[in-house]
Amino acid sequence: MATAVTIPRPVSADDAINADRPGIADGSAVVGKGRFQIETGLQQEFRDRAGEKTRTVFIPTLLRLGLSDEWEMRIESNVHTWDRVTAADGAFTKSSGDAPVSIGAKYRLRDADGTGPSSGIIARIFPRSGSGDHRTRYTTADVRLVADWDFAADWSLNPNIGLARYEDGAGQLFSTGLFAATLGYNMSKTLNVFLDGALQTPESKGGKTMTIYDGGVVYLMTPDVQLDFSVGIRGRGDTPPNHFIGAGISVRF
């Protein structure tokens with residue numbers, strides 16, 4: 001599941017950067033014709049399964065290029081992943097590999113007009129890619145309907161719903177349903193806090209439903225530069241990490 005979230009636009013600037021990180025859900029805003037935006041950071045995930053502890057570090061990165069006022073092209077990847085697995089007896093192994101890459105697009109369906117939220121569609125395709133233990137065997141894809149609803153002063157709700165065809169950890173293809181939502185609050189003209197959660201069902205072929213939750217803070221350094229920090233936990237399921245932490249930067253050109 002992708003790890004991105006749209007933060008309500010700070011009230012200090014109508015033309016401020018509107019990034020799809022940090023967190024889980026994506027928003028309906030596009031970067032605009034001729035604009036290029038990079039959103040990147042560093043994330044650590046921690047898992048503890050049957051006495052075996054795994055720490056995973058990767059570089060979630062999203063590149064966005066505005067093709068028109070309604071369309072943008074998107075390239076997304078965790079770039080490179082480092083794993084450290086510690087057994088119950090204290091012995092550990094290390095591995096790393098290039099992460100798979102997705103190519104996609106976002107289409108802005110409608111702007112908020114006082115009668116309802118803004119909305120859009122995001123579609124991605126994941127060709128076979130990556131290296132080592134992170135290489136995928138099949139081409140997969142997902143599509144999501146995304147929205148932004150400024151339902152009160154300084155408050156925003158950002159729901160996503162979608163369908164996907166993914167590959168699980170055992171290399172088996174499966175179809176799954178996706179849902180995510182973000183609740184954000186603008187504390188000041190440059191500072192925003194948010195809480196969000198996501199559900200995927202099933203989480204793997206023949207698997208059960210998984211949920212994750214996170215929260216964090218976003219600081220608008222300039223109208224074109226955003227900094228973020230977030231932490232999260234697993235709700236249920238076998239595939240999510242027990243907890244995770246991330247920090248990043250988004251820059252618009």
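A residue is termed buried when its relative accessible area is under 20%, exposed when it is over 50%, and partly exposed in between. In the predicted model described here, F36 has a relative accessibility of 32% and therefore counts as partly exposed. F36 is located in strand 1, which spans residues 36-49. Together with L65, L67, W71, M73, I75, V101, I103, I125 and F253, F36 makes a nonpolar surface patch of about 860 Å². The largest share, 3 residues, comes from strand 4.

Charged side chains were examined next. Across the whole structure, 17 salt bridges are found. In one of them, the side chains of R64 and E39 meet at an N to O distance of 2.8 Å. R64 belongs to strand 3 (residues 61-66) and E39 to strand 1, so this pair ties together parts that are 25 residues apart in sequence. R64 is buried, at 0% relative accessibility, and E39 is likewise buried, at 2%.

R64 also forms a salt bridge with E72 (2.8 Å, N to O), and E72 in turn meets R74 (2.7 Å, N to O). E72 and R74 are both buried. These residues take part in a network of salt bridges that links D20, D26, E39, R64, E72, R74, K106 and R144.

D196, in strand 12 (residues 191-201), is buried yet has no salt bridge. A polar atom of the D196 side chain does, however, lie 3.1 Å from the backbone nitrogen of I24.

Conventions:
Residues numbered from 1 in each chain as written. Predicted model: local features only at pLDDT ≥ 70, side-chain atom pairs only at ≥ 80, totals over all residues. Heavy atoms only, no water. Patch = residues over 30% accessible without salt bridge, like charges linked within 9 Å, V, L, I, M, F, W, Y side chains within 5 Å. Areas by Shrake-Rupley, 256 points an atom, 1.4 Å probe, with all protein chains shown as cover. Salt bridge = Lys/Arg side-chain N within 4 Å of Asp/Glu carboxyl O. Helix = DSSP H or I, 4+ residues; strand = E, 2+ residues; numbered from the N terminus. Buried < 20%, exposed > 50% of the residue type's maximum accessible area, 1.4 Å probe, protein only. Lys, Arg positive; Asp, Glu negative; His and termini not counted. Polar contact = N/O pair within 3.5 Å; in protein donor to acceptor, adjacent residues only side chain to side chain.
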